[in-house]
Amino acid sequence: MANKKRLGILFGGRSAEHEISIQSARNIIAAADPEKYEVVPIAITKQGRWCVGAFPPEPNGHGAIDSIPVGAVEVIPSACPDGMGLLVPLASQNATTFPGALDVVFPVLHGTYGEDGTVQGLLELAEIPYVGSGVLGSAVGMDKVVMKRLFQQAKLPVVPYVATSRRDIQVRLDELCKEIEAEFRYPVFVKPANMGSSVGVSKASNRDELVDALQLAGDFDLKILVERGMDAREIECSVLGNEDPISSIPGEIVPGNEFYDYAAKYLDDNSQLLIPAPLKPAQTERAQKLAVEAFKSLDCAGMARVDFFLEKKTGKFYVNEINTIPGFTRISMYPQLWAASGLSCSKLIDRLVELAIKRHREKARTRYSLNPQPRTNDSSH
Ligand SMILES: Nc1ncnc2c1ncn2[C@@H]1O[C@H](COP(=O)(O)OP(=O)(O)O)[C@@H](O)[C@H]1O
Ligand SMILES: [Mg+2]
């Protein structure tokens, strides 16, 4: 097909989810229709250096890219909207195989420096359409405290929580523990506000465990969240769209460990994904409705996975969190829920690219000045 779109796939990066991002990118690159896209894989090392031209890059023994792979061209990300796009080769590099301007970028970066609005800001400055939420939706979706406040404001049910900070832990730990104990019975869950993949998340069943959990979470973020421990099933929905988003059928996670921690997510083979989740029709409908409302309440775009707790005792749904760049590996919930809802991964990528371009076009129509036309020959001074 003529006019293939040049699709940049950004992956790796400086987050704790670097390795998962590589797996997600592999899956997206394999599924992207070669008739429609010229895929440009753009790897970001663990240290934050960017490169093109070597895919699949050779990760180290831990599955990470921690140096520029042999044969790759190191690039400097450029924010200049000059039509040349995001990638500028380092002067010292042989740039003969350098790709041209990108038509659209798919940031496949989970967590910090990728899912949090930072890369989205760069893509906005460079004026390149990109998949997924903008700066605001990405940033608020990444901060569990701000996210919950917006959910509450939209009258969405959230698990009761106390927001605290590394500073509180350092200067008034005893008082803080008493406040938490006055608010909740054990167990409680302690989490850093800006993380993912359960990094720094612990369940605490007594004061000693609470102190350890707070200190661990404080290593990962300045803002910390303590929540009532839920005895609940974990239900997830995939959302797709811009102004009129739709939800997939819900899926269910059955964690193999005590909760869905990092090991249960990626290392152990003992967690189960149930697709579709065994729910009554009214529960399915409720989850889908809440998923779409949660997506809208944070100003998200393109895609997101919305995760719920379904409390066993009460049968009540609570919105736990949103992931604006959900896992996209072969076994990840987001693409699997769409596949089960009738949309293959390849078609899902087409839809996400379409949504990215549509949103970019819509934004390009926005006026940034009161003047009807940019005044090129301004002689008024
Ligand atoms: N309040 C809670 N009650 C019970 N389990 C929880 C609670 N909060 C988190 N968990 C468990 O910890 C996991 C990770 O927490 P989550 O808030 O989803 O953070 P992350 O962004 O790291 O995925 C959840 O999937 C769930 O298994
Ligand atoms: Mg989660």
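1. The model is predicted: local features need pLDDT of at least 70 and side-chain atom pairs count only at pLDDT 80 or more, whereas totals for chains, interfaces and linings use all residues. Residues are numbered from 1 along each chain as its sequence is written, while chains are lettered from A and ligands numbered from 1 in the order in which they are written.

2. Helix α7 runs over residues 207-220, and its 14 residues reach 20 Å from the first C-alpha to the last, close to the 20 Å expected at 1.5 Å a residue. The expected span is 1.5 Å times one less than the number of residues, and helices (H or I, at least four residues) and strands (E, at least two) are DSSP runs numbered from the N terminus.

3. The protein is divided into domain 1 (5-130), domain 2 (160-228) and domain 3 (232-359), with bounds that come from an automatic or database domain assignment. Between domain 1 and domain 3, whose C-alpha centres lie 25 Å apart, the contact takes 20 residues from domain 1 and 15 residues from domain 3. On the domain 1 side of this contact, β1 (5-12), α1 (18-31) and β6 (104-107) each supply at least two residues, and α1 gives the most, with 6 residues. By class, that side of domain 1 has 11 nonpolar, 5 polar and 4 charged residues; Ala, Val, Leu, Ile, Met, Phe, Trp, Tyr, Cys and Pro count as nonpolar, Asp, Glu, Lys and Arg as charged, and the others, Gly among them, as polar.

4. The buried residues of α1 are H18, I20, S21, I22, Q23, S24, A25, I28 and I29, and they pack against β1, β2 (37-44), β6, α8 (262-267) and α11 (345-364).

5. Ligand 1 is surrounded by 19 residues, of which the closest are F189, E227, M230, F259 and Y260; a residue is near a molecule if its C-beta atom, placed from the backbone, lies within 6 Å of it. Domain 2 and domain 3 both give residues to the shell around ligand 1, so the ligand lies between them. The strands β8 (188-192), β10 (223-228) and β16 (317-323) each supply at least two residues of this shell, which by class has 8 nonpolar, 5 polar and 6 charged residues.

6. One joins Y186 and P187, with omega of about 0°, and P187 is found in the loop between α6 and β8. Another joins I275 and P276, with omega of about -5°, and P276 is found in the loop between β14 (272-274) and α9 (281-297).

7. Backbone angles also call for a remark at E127, which has a positive phi of about 55° although it is not a glycine, and which sits in the loop between α2 (118-125) and α3 (135-142). D299 likewise has a positive phi, of about 60°, although it is not a glycine, and its place is in the loop between α9 and β15 (302-311). E127 has 16 C-beta neighbours inside 10 Å and so counts as partly exposed; D299, with 16 such neighbours inside 10 Å, also counts as partly exposed.

8. E293 lies in helix α9 and is partly exposed, with 17 other C-beta atoms within 10 Å. Leaving aside residues up to four places away in sequence, E293 touches A154 and L156. E293 and L279 are 14 residues apart in sequence and, C-alpha to C-alpha, 20 Å apart in space.

Technical notes. Contact = placed C-beta atoms within 7 Å. Buried ≥ 20, exposed ≤ 12 C-beta atoms within 10 Å, placed from the backbone.
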